[in-house]
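Here are a few friendly notes to read alongside the structure. Please keep the view open as you go through the points.

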Amino acid sequence: MLEGLRSPNIHTPVNLSEFSSIIQHYPTSTYWAGGTYIMSRSDYYPSNTTNDEIIFLGSIEELHRFQRNDRIAEFGSMVSLYDLIYTGRSILPKILIENIQDIGGNIVTARMTLGGSLCTREFRSSLCGTLSLFDASCEVKYMKKKRMHSKWFPMISIYDKSGKLNLPDKALISRIRVNLMERNYQRFIRKGDFFLDQENSVSIAITGNPEQDNFNDARIAITYPNKGFISNHDLDNIFSSARFPLDQDESKSIEDAILSAVSAIFPSLSKLQKTRTRGIIKEIISDLNINALTTASFDEAKTNI
Amino acid sequence: MKIDCTIDGKALSLSINSNKPLSLILEEDIQNSSLNSHCNGQMCGFCTVLMNGKAVLSCLIPAFEIRGKSIITFEGYAKTKNAKDIEKAYDLTHLKPCPSCYNSRTLIIESLLSNNLTAKEDIIREMEMLKCHCLEFNDMVRIVQAASEIRRKRHARRA
């Protein structure tokens, strides 16, 4: 044990009522989910600034539950990403599984929790963006007048406009609900390492229903680690209003429109991030062009028959 | 904080900071020399150990989580029959990891074999985490599949 370094007290509540009594006694405690974010900070250990009280959420049984019906799947916030893909592989949208598998192997995803990946200050995964495409919502438990209240929020509303977490004090995300809607086109692309090269990384998740020359119900989320994520109707409309296939000029104007929307929210994007964003959009447009051309030729062939 | 755990088969009672990373506990308190790095959780993969039989990155495990658990480092694992299977697979395929990633790679292979994950995609996804490029992914697939075959034969003989 290092001299002069205080060993934090670890509280391990086994249910939410025990958790609420602990949080009343120790309001400034650190919540500990999987620990991958806290332990990867350079000042984690040894440190004099470490919080003296840690609440380990892993023993709270309510936070490990998983239930589903035809329309939604509901996960406790302490469900690990590994469990999420193995329990939900057959029902969850394909893009969500791809996103989790992209984060890392089983060794890493078994430690990362769903709640933890949504609540870290830095975006070590692009999960929030991808979840927002499926209108995910979160149950937030918070203390008010010494009592614990809970309320469901659309996931997009727990982040501010620039993608920063905006939860009330002493709040805890207890459950995450995902709508099980399948869209015909789902694509997740990441460039750069979200753990090692945060300044230059970017990921884009896009879903929609391509139909002839239209791209209906387009939803797009762009995530920049250590900055935040952007997912709004303006971005969606850029894709929804386009008529595919696009020529080079039209494609460039879409890239420019998206980049200017992104730069307005995140003015400090690095040059490489901008280039990578443009590259990914180009890749998606080319994909949608191919899709539109194959559908068009298929429809033409049908009418000829 | 007093923490009771089992490391390489030895039951220990450690007096350590509750938030100290397992990698530092192994290096400083146990003087275990089989860990090659302490990357502060940047996921280099070189500090892999087995916790209750599952591969974990020891720099991401705080002391309070090892309470009552069994930790196996490469030092302890190298003496087991399971380790011999993997060594045989290295010899059989004439492929051997470099000294800096040998310990971690062997433990990751063990975790893959014990969880029956021998499909190419599973092996590649697991090995991608290790930030060492001494072996190609196809070589890793060959090693894991050879080790799996050797272990299957050993178990069949025993049965």
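Which residue just after α3(B) takes a positive phi? That is B:His94, with a phi of about 55 degrees.

1. A word on the ground rules. This is a predicted model, where local features need pLDDT of at least 70, side-chain atom pairs count only at pLDDT 80 or more, and totals for chains, interfaces and linings use all residues. Residues are numbered from 1 along each chain as its sequence is written, chains are lettered from A and ligands numbered from 1 in the order in which they are written, and side-chain values use heavy atoms, leaving out hydrogens and water.

2. B:Ala83, B:Asp85, B:Ile86, B:Ala89, B:Tyr90 and B:Thr93 are buried in α3(B) (under 20% relative accessible area; exposed is over 50%, partly exposed in between, with a 1.4 Å probe and protein chains only). They lie on the same side of α3(B), because they cover an arc of only 155 degrees around the axis, taken from the directions from the helix axis to the C-beta atoms. On the other side, B:Lys81, B:Asp91 and B:Leu92 are exposed.

3. Finally, B:Asn52 sits in the loop between β3 (48–51) and β4 (54–57) of chain B. B:Asn52 is partly exposed, at a relative accessible area of 49%.

Technical notes. Helix = DSSP H or I, 4+ residues; strand = E, 2+ residues; numbered from the N terminus.
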